[in-house]
Amino acid sequence: MKKSSYLTRLSRAARWQLPAEEAAEVIADYRELLFCKGETDAQLVQELGTPWQAVKLAGAPKKYRGWLAAFSLLALFPVVMTIWLFAREHHSPAAACLAVLGALFSLIWFQAGPKPRARQKKLFLFLGAQVLFLLLAAGVFFSLLWLVSHQKAVPLPPGTMGQTVTWGFRSAGLFSALLALWGLAGARMENRAWRSLYVMGLTVLALCLLALSCLHSMNLDTSAPQWWLPYLLQGGVTGLLGALLTGAALC
Amino acid sequence: MLKKEVLELCLLQMLLKEDQYGYELLKRLHSAFPDTQESAIYALLRGLCREGRTESYQGRQSGGPARKYYRLTPAGQEYQKQLLAQWQSLQRAMEELGIL
């Protein structure tokens, strides 16, 4: 292993295993150590251990276990919601509660993390992708509702249309869950602004579940005036809360 | 008294004489205990720093990253005395048992 690749791996391991300040210190120390080392590259691992082991030795195991527990708990929210995406029951009100709970927990947990220093190009790219997905999904959803409520012909046979839309929302939800987990890792390894990706991921997941539960509901009485109002209300509140919490997470 | 404390004693003993550059400490100790990885020694040095027994400061640069030097604190001197006393009593016990 080359010195530069050893340092890259060590830096990644340190930012994952250690709190930001300690990670910076350990990385700086190893940079200095590697600079002084004259040995051949092959001896590095033998002398220092693997980058993961080296960082593990340098940190306090209790703190790392605490982070792993928090990460597991935070990851549980999108994982459970993803399972609901593929289940028969979509539990949309519970999903909205989970999204808010997860968002609040992430806001509190990462509050002590480092603030963003420069412009977060990569983060805003991911957030933009999320918004795009959300707008696309919302567009499909409301077009479908409009077609159904105005008793217009849908462009595909109803069965195919239903399957396509369902899998569209499932894919959007799955993509959001992955981005939410990516956001968690970013909040630990980069800076706390990355938790906004997690919050937005949870929001999009909750909205996808709401759309699926609305589409799959057997109790839709489209002849009743404003039958869509409860769905719109729940979606509006979830979306608004999600947007507010995403904004707070960016700070 | 296990190996961890022996290594700590060695680190503190080296720092008792003079402030030392981190890499120098690791190299010297690693050559005395070749079966111990340098990362493990670095972790001990870091632990001593965290516990306030040593402290670090940036020294002169030599074309590369700033050099980090370590020095003993009064708490470190006290700890060094304790470890040395433990080591001596262990040595006496071993001698009495005819091991050494």
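This is a predicted model: local features need pLDDT of at least 70, side-chain atom pairs count only at pLDDT 80 or more; totals for chains, interfaces and linings use all residues.
A residue counts as buried if 20 or more other C-beta atoms lie within 10 Å of its own, as exposed if 12 or fewer do, and as partly exposed in between. A:Gly168 has 18 C-beta neighbours inside 10 Å, so it lands in the partly exposed class.

Where does A:Gly168 lie? Look for helix α8 of chain A, which covers residues 158–189. If you skip the neighbours within four places in sequence, A:Gly168 is in contact with A:Ala137 and A:Val140.

Staying in chain A, let's turn to a pair of helices. Helix α6 (residues 92–109) packs with helix α10 (residues 229–250) at an angle of about 10°, and their axes are 11 Å apart. Angles under 35 degrees count as roughly parallel, and α6(A) and α10(A) are therefore roughly parallel to each other. On the α6(A) side, the residues making this contact include A:Ala96, A:Ala99, A:Val100 and A:Ala103, while α10(A) brings in A:Leu241, A:Gly242 and A:Leu245, among others. By class, this contact of α6(A) with α10(A) has 10 nonpolar residues, four polar and no charged.

Now over to chain B. Helix α4 of chain B runs over residues 74–96, and its 23 residues reach 33 Å from the first C-alpha to the last, close to the 33 Å expected at 1.5 Å a residue. Just after α4(B) comes B:Gly98, with a positive phi of about 75°.

How do α1(B) and α4(B) sit relative to each other? The axes of α1(B), residues 3–17, and α4(B) come within 9 Å and cross at roughly 130°. That angle falls between the 115 and 145 degree limits, so the two helices are oblique to each other. The crossing is left-handed. Among the residues that meet here are B:Leu9, B:Leu12 and B:Leu16 from α1(B), and B:Leu83, B:Leu84 and B:Trp87 from α4(B). In this contact of α1(B) with α4(B), you'll find seven nonpolar, three polar and two charged residues.

Last stop: the place where the chains touch. Chain B puts 13 residues into the contact, and chain A puts in 13 residues. On the side of chain B, the elements giving two or more residues are α2 (22–32) and α3 (38–50). Sorted by class, the chain B side has five nonpolar, four polar and four charged residues.

How values were computed: Residues are numbered from 1 along each chain as its sequence is written. Chains are lettered from A and ligands numbered from 1 in the order in which they are written. Helices (H or I, at least four residues) and strands (E, at least two) are DSSP runs, numbered from the N terminus. The expected span of a helix is 1.5 Å times one less than its number of residues. Two residues are in contact if their C-beta atoms, placed from the backbone, lie within 7 Å. Ala, Val, Leu, Ile, Met, Phe, Trp, Tyr, Cys and Pro count as nonpolar, Asp, Glu, Lys and Arg as charged, and the others, Gly among them, as polar. Axes are lines fitted to C-alpha atoms, for helices over the stretch in contact, and angles run from 0 to 180 degrees between N-to-C directions. Angles under 35 degrees count as roughly parallel, over 145 as roughly antiparallel, 65 to 115 as roughly perpendicular and the rest as oblique. A crossing is left-handed if the near helix is turned anticlockwise from the far one by less than a right angle, and right-handed if clockwise.
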